[in-house]
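Let's read a structure together, one feature at a time. Here is the one we'll talk through.

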Amino acid sequence: MADVVVLSKSIVRPDGADSNRVKIHLTPWDLFFLRSEYPQRGLLFPKPDPETDIISQLKSSLSAALNIFYPFAGRLVKTESENDETASFLVDCDGSGVRFIHASAKTVSLSDLLEPVNGIVPEFLPRFFPANGVKSCEGVSESLIAFQVTELKDGVFIAFGYNHMIADGSSFWSFFNAWSEICSAGGVDREKKFPPLLLRGWFLDGIDHPIRIPISETVLPPSSPSLLLQEKVFRFTRRNISELKSKANGEVSSGDDRKIISSLQAVAAHMWRSIIKNSDLNPEEVVYCKLLMDMRRRLNPPLDKECFGNVVGFATATTTAGEMLSNGLGWAALQINRTVGSQKDEGFRVFAEKWVKDPKIPNHVAVRNSVIVASSPWFNVYGNDFGWGKPVGVRAGPGNTSDGKLIVYPGIEEGNIEIQTCLSSHVLEKLSTDAEFLEHACVV
């Protein structure tokens, strides 16, 4: 067991004047995450020069970055109405600040995280994250983003957890990229090159804000016992990806309804099909593949791709275990391709219009026999240099952990994809020895 010692806890606030105190109204897709836990990620860095005061540098540059990405430094405001027993939420960008934890784990090496025993993500990893168990609705008192910097024997682990109602992965990584750039510049002068934050704004004509939801939907349900889950990271090399993409497209090349299967769709299909194959399901059981998608450019009119906020939707491919396994990789990839292609402005807005009439907040995004593909191989993860070197690895922490959760990231080598895979232990064990699956992937 890793000995993690908390050295200090503090609140970091934006360094600017209180000029950004705006209020941000939440959309149905924001409120959809009301009961969701903060997604958490962490980057592994080489050890800096012992003379470098990394904590002081990180906190001062974080303060400057929060002055640009000011919604993260705010708090949720919940307003209840006794007349109709409803509640509404908004984000007050009041500069309350963010939680920052400094910790030490000098018995842990980078290799313990990057090359764990049997490839299993270590059980101590959650202790390196700052927002375990925190849910979005708790943002009324919890900071909307939190950080933990843990000094290791030969490196540093910078971890974070953020409220998904405030931002999606695209917006978060824009923030993180700016923070590392400001830090590496050694001061806040670099901040001047960043344009003002472009907020998403309200784009739902015909839907009034704030959206009111039944108070009963804002109450957190009792926690349910968790399954015995384990995690491994699987790597797909550029060659693996090219082979999977070529195979998938070769299998769907005939007919007038030809689709071009993307690299990520081919990899996701390979994961989905392989997991179903090793799950021992009855042929008639329904299985799902849910993908979190950035909808900014799919709306009409499209939103600016740089706009800050949460603009993701779920695309869900559905079939049965029997149909999945009686068809090949190309067929599975085609189901994903069609589902992704069907995500358009009309469906996004119809969902919103129906949802506000009868708001339902899910307790869990995951459903039985589902694979959920989150994050993206196109996020700029390995370009973050705080001044002592670029990351040497990335890991996901606790947060909406479920059987079938796939966290996708770019590999450290350009063109690679790595997927942190969470499955029940017996399925993960079978997947890890499946020769057909491992023909195109390897355990990190």
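This is a predicted model: local features need pLDDT of at least 70, side-chain atom pairs count only at pLDDT 80 or more; totals for chains, interfaces and linings use all residues.

Q: Let's take helices. How many residues does α5 have, and what span does it reach?
A: Helices here are DSSP runs of H or I with at least four residues, strands are runs of E with at least two, and both are numbered from the N terminus. The expected span of a helix is 1.5 Å times one less than its number of residues. Helix α5 (residues 238-251) has 14 residues and reaches 20 Å from first C-alpha to last, close to the 20 Å expected.

Q: Which residues of α5 are buried?
A: Buried means under 20% relative accessible area, exposed means over 50%, and partly exposed is in between, using a 1.4 Å probe and protein chains only. In α5, the buried residues are N240, I241, L244, A248 and N249. They sit on the same side of α5 because they cover an arc of only 150° around the axis, the arc being that of the directions from the helix axis to the C-beta atoms. On the other side of α5, R238, R239 and S246 are exposed.

Q: And what do the buried residues of α5 pack against?
A: They pack against β10 (229-236), α6 (263-277), α8 (329-341) and β16. Contact means heavy atoms within 4.5 Å.

Q: Is α6 mostly covered or mostly open?
A: Mostly covered, as 13 of its 15 residues are buried. Its reach from first C-alpha to last is 21 Å, close to the 21 Å expected.

Q: On to loops. Where is T27, and what is it in contact with?
A: T27 is in the loop between β2 (23-25) and α1 (28-31). T27 counts as buried because its relative accessibility is 1%. Leaving aside neighbours within four places in sequence, T27 is in contact with R200, W202, F203, L204 and I211.

Q: What about N310?
A: N310 lies in the loop between β11 and β12, and is buried, with a relative accessible area of 1%. N310 and M165 are 145 residues apart in sequence, yet 6.2 Å apart in space, C-alpha to C-alpha. Beyond neighbours within four places in sequence, the contacts of N310 include W29, D30, F33, H164, M165 and R200.

Q: Where is phi positive?
A: Phi of S375 is near 70°, and S375 lies in strand β13 (residues 370-375). Phi of N400 is near 60°; N400 is in the loop between β14 (393-396) and β15, and is partly exposed, at a relative accessible area of 28%.

Q: Last topic: how do I read cavities and pockets?
A: On a 1 Å grid over the protein atoms alone, a cavity is a set of points where a 1.4 Å probe fits but cannot get out, while a pocket is an open set with protein on both sides within 12 Å along at least five of seven lines; lining residues have an atom within 4 Å of a point. Grid points are joined across faces, edges and corners, and a volume is the space filled by probe spheres set on the points. Here there are three cavities of 30 Å³ or more, and the largest cavity holds about 80 Å³. Among the residues that line the largest cavity are R41, E231, K405 and C422. The elements giving two or more residues to that lining are β15 (405-410) and β16 (417-424).

Q: How much space is in the second largest pocket, and which residues lie nearest its centre?
A: About 320 Å³ of space lies there. The second largest pocket is lined by 13 residues, of which W29, G313, F314, Q343 and F351 lie nearest its centre. β12 (312-320) and α9 (345-357) are the elements that give two or more residues to the lining of that pocket.

Note on methods. Residues are numbered from 1 along each chain as its sequence is written. Side-chain values use heavy atoms; hydrogens and water are left out.
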